[in-house]
Amino acid sequence: MSTTPTDKRARVFSGIQPSGAVHLGNYLGALRNWVALQHEADAVYCIVDLHALTLPKEPGEVAQGTLDIARLLLAIGLDPRACVFFVQSHVHEHAELGWLMQTIASYGELSRMTQFKDKSGRSTGFISASLFTYPALQAADILLYDTEVVPVGDDQRQHIELARDVALRFNARYGETFVVPEHHIPAAGARVMDLQSPENKMSKSIDSPQGTVNLLDTPKEIEKKVKRAVTDNDGEVRFDPTSKPGVSNLLSILAAATDGDPAKLADQYHQYGPLKADVAAALIALIEPIQARLADLDDATVRAELRLGAQRAQAIAAPVMDRAKQACGLLV
Ligand code: TYM
């Protein structure tokens, strides 16, 4: 992102769901960019607990998940003095603008969302209406902060496109109201694949414990998962995601973890064993310092930071909400 010293700093917004363990895909695809961007932009980061409710949860599960992920995000390097860091449900404007966005998004465009098709297709039981309307809430999350840049992994590309489309439609219908956001998807690590089934992305909502590297895994677990990662039988180390998805995923992970280039890294290996050993070592080096910092954070400190963050977030969101209500003709 280019900002010169005379530029106003760009507004950055992103969110993560507090459901399931945070994995390597979340980290390489999004979270480490959050940390980098907080120092060069005006960054707002949110734990999107309302989104987590789109799939059924046990009582208390979301609250605990929210605290756990908040601690982890602080351990990863989010600094509440450098960014605004808060919980979605603590700022009621998200739900409120989410409703308005449902009036702007069309049934047809929501039906085309691949995440809805995947998640509803995998479900054997109850499918909530919110799973379908979820991208409208996500658009509200983004638009509430006059966001210019949204750092996300590749799987969120379609949702950010939808946020752009609804912003443009709202502006066309009611007059200039919202900033039209852009996604920021990293060159390396944008789509980390499952180690056991490398044709699928690594995911919190798919049950593949051996294919998913979690940020709380021990070094031994990481070594074991990487060692057992599915490759292929031809024994050649080459970056070719279509015909060699497993090996290419390992090369992509190594590239993202070491700031390298996957095709160039491939030239350094002639066997899968040494590649896997280097991937495991790079991941352990990445994850160990995060785990060490996690031990120092207690829940009371985390709750206090989140309360303060919600006040700061609301100070930005409330005037934008008022602007949207005025624009669409509600009596204010
Ligand atoms: P969530 O919670 O599923 O994921 C959080 C972030 O991690 C990225 N990610 C990945 N990146 C690379 N490889 C993977 N295998 C991988 N899996 C996940 C995601 O792209 C995301 O950036 N709908 C969003 C949360 C959200 C949001 C928002 C994001 C709600 N409102 C507004 C941005 C702006 C989600 O479920 O992300």
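Let's start with helix 10 and helix 12, which pass each other in a left-handed crossing. In this predicted model, the axes of helix 10 (residues 245-258) and helix 12 come within 9 Å and cross at roughly 40 degrees. From helix 10, the contact takes in Val247, Leu250, Leu251, Ile253, Leu254, Ala257 and Thr258. Helix 12 answers with Tyr272, Leu275, Lys276, Asp278, Val279, Ala282, Leu283 and Leu286. Sort these residues by class and you get 12 nonpolar, 1 polar and 2 charged.

Now stay with helix 12 (residues 272-294) and look for another partner, helix 9 (residues 219-227). Here the packing angle is about 150 degrees, and the axes sit 9 Å apart. Angles over 145 degrees count as roughly antiparallel, so that is how helix 9 runs relative to helix 12. This crossing is right-handed. On the helix 9 side you'll find Pro219, Ile222, Glu223, Val226 and Lys227. They meet Lys276, Val279, Ala280, Leu283, Ile284, Ile287 and Glu288 of helix 12. The contact of helix 9 with helix 12 has 8 nonpolar and 4 charged residues, with no polar ones.

Next, move to helix 4 (residues 93-104) and helix 13 (residues 299-328), whose axes come within 10 Å and cross at roughly 25 degrees. How do these two run relative to each other, parallel or antiparallel? They're roughly parallel, because an angle under 35 degrees counts that way. Their crossing is left-handed. Helix 4 brings Glu93, Glu96, Leu97 and Leu100 to the contact, while helix 13 brings Gln314, Ala317, Ala318, Met321, Ala324, Lys325 and Cys328. By class, the contact of helix 4 with helix 13 splits into 7 nonpolar, 1 polar and 3 charged residues.

Finally, turn to the ligand. It has 28 residues around it, and the ones that come nearest are Tyr134, Gln138, Asp141, Asp155 and Val192. Zoom in on glutamine 138: an N or O atom in its side chain is 2.8 Å from a nitrogen atom of the ligand. Asparagine 26 also uses its side chain, with a polar atom lying 3.1 Å from an oxygen atom of the ligand. What part of glycine 25 is 3.0 Å from a nitrogen atom of the ligand? This time it's a polar backbone atom.

Definitions and conventions:
Residues numbered from 1 in each chain as written. Predicted model: local features only at pLDDT ≥ 70, side-chain atom pairs only at ≥ 80, totals over all residues. Heavy atoms only, no water. Axes fitted to C-alpha atoms, helices over the stretch in contact; angles between N-to-C directions. Helix = DSSP H or I, 4+ residues; strand = E, 2+ residues; numbered from the N terminus. Parallel < 35°, antiparallel > 145°, perpendicular 65-115°, else oblique. Left-handed = near helix turned anticlockwise from the far one by under 90°. Contact = heavy atoms within 4.5 Å. Nonpolar A, V, L, I, M, F, W, Y, C, P; charged D, E, K, R; others polar. Near = heavy atom within 4 Å. Polar contact = N/O pair within 3.5 Å; in protein donor to acceptor, adjacent residues only side chain to side chain.
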